[in-house]
Amino acid sequence: KAVVSTQSGHYGRDGQFVFLAVTSLGEFQLWERLVLIFTEQSLYPPIHYVRKVPQKIIHCFTFLQIVQLVGLCLISFAGSAYLKMFFPFAIIILMPIREKILPALISERHLHWLDGEH
């Protein structure tokens, strides 16, 4: 009898998902702005928000979004089931953060360009 491993199918599917995730990063605005942190300003691509928003504001907005993303990941990957139950509330908390806290830190005009609402 030949023994067939069922785990090899998982690696193929996981590889496909990794491939899809990596190939779609180029269209992901957070990824674009994250790359800008490590790019010299004279080499910035001619993206609409780069022309309209100062570099410092772009990096501040990116940092705030990364902090929010890390917070969501910590909650969703937590070992405690009780902490995972907080995830929907964490998503709901993001709305007042965007509507009340971010406009206090970054002007509405800059947020308009950074959000992609143009």
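Accessible areas were computed by the Shrake-Rupley method with a 1.4 Å probe, and for residues only the protein chains shown count as cover. On this basis the accessible surface of the protein comes to about 8900 Å², of which 68% belongs to carbon and sulfur atoms. The structure is a predicted model, in which local features need pLDDT of at least 70 and side-chain atom pairs count only at pLDDT 80 or more, while totals for chains, interfaces and linings use all residues. Residues are numbered from 1 along each chain as its sequence is written, and side-chain values use heavy atoms, with hydrogens and water left out.

The protein holds seven helices and zero strands, where helices (H or I, at least four residues) and strands (E, at least two) are DSSP runs numbered from the N terminus. Along the sequence the pattern is accordingly written α-α-α-α-α-α-α. Of the 118 residues, 19% count as buried, a term that stands for under 20% relative accessible area, with exposed meaning over 50% and partly exposed lying in between (1.4 Å probe, protein chains only). Contact is taken as heavy atoms within 4.5 Å, and among contacts between residues at least 6 apart in sequence, 51% join residues at least 24 apart.

Helix α2 (residues 29-37) has Q29, L30, R33 and L36 as its buried residues. Seen down the axis of α2, these residues fall within an arc of 115°, so they line one face of the helix; the arc is that of the directions from the helix axis to the C-beta atoms. An α-helix has 3.6 residues a turn, so residues three or four places apart point the same way. The cover over the buried residues of α2 includes α3 (48-52), α4 (55-76) and α7 (108-114).

Within α2, Q29 is buried, with a relative accessible area of 19%. Not counting residues up to four places away in sequence, Q29 touches H48, Y49, L114, D115 and G116. Although G116 and Q29 are 87 residues apart in sequence, their C-alpha atoms are 8.5 Å apart in space. With neighbours within four places in sequence left aside, G116 is in contact with Q29 and H48.

The largest nonpolar core is made up of twelve residues, namely L36, Y44, I47, Y49, V50, V53, I58, F61, L102, I106, L111 and L114. Such a core is a set of buried Ala, Val, Leu, Ile, Met, Phe, Trp, Tyr and Cys residues joined through side-chain atoms within 4.5 Å. The elements that give two or more residues to this core are α3, α4 and α7. Leaving aside neighbours within four places in sequence, the core residue L102 is in contact with F61, L64, I97 and L111.

The largest pocket has a volume of about 240 Å³. Its lining consists of F28, L30, R33, F61, Q65, Q68, L69, L72, L94, R98, L102 and D115. Two or more lining residues come from each of α2, α4 and α6 (87-105), and α4 gives the most, with five residues. A pocket is here an open set of points on a 1 Å grid over the protein atoms alone, where a 1.4 Å probe fits, with protein on both sides within 12 Å along at least five of seven lines, and lining residues have an atom within 4 Å of a point. Grid points are joined across faces, edges and corners, and the volume is the space filled by probe spheres set on the points.
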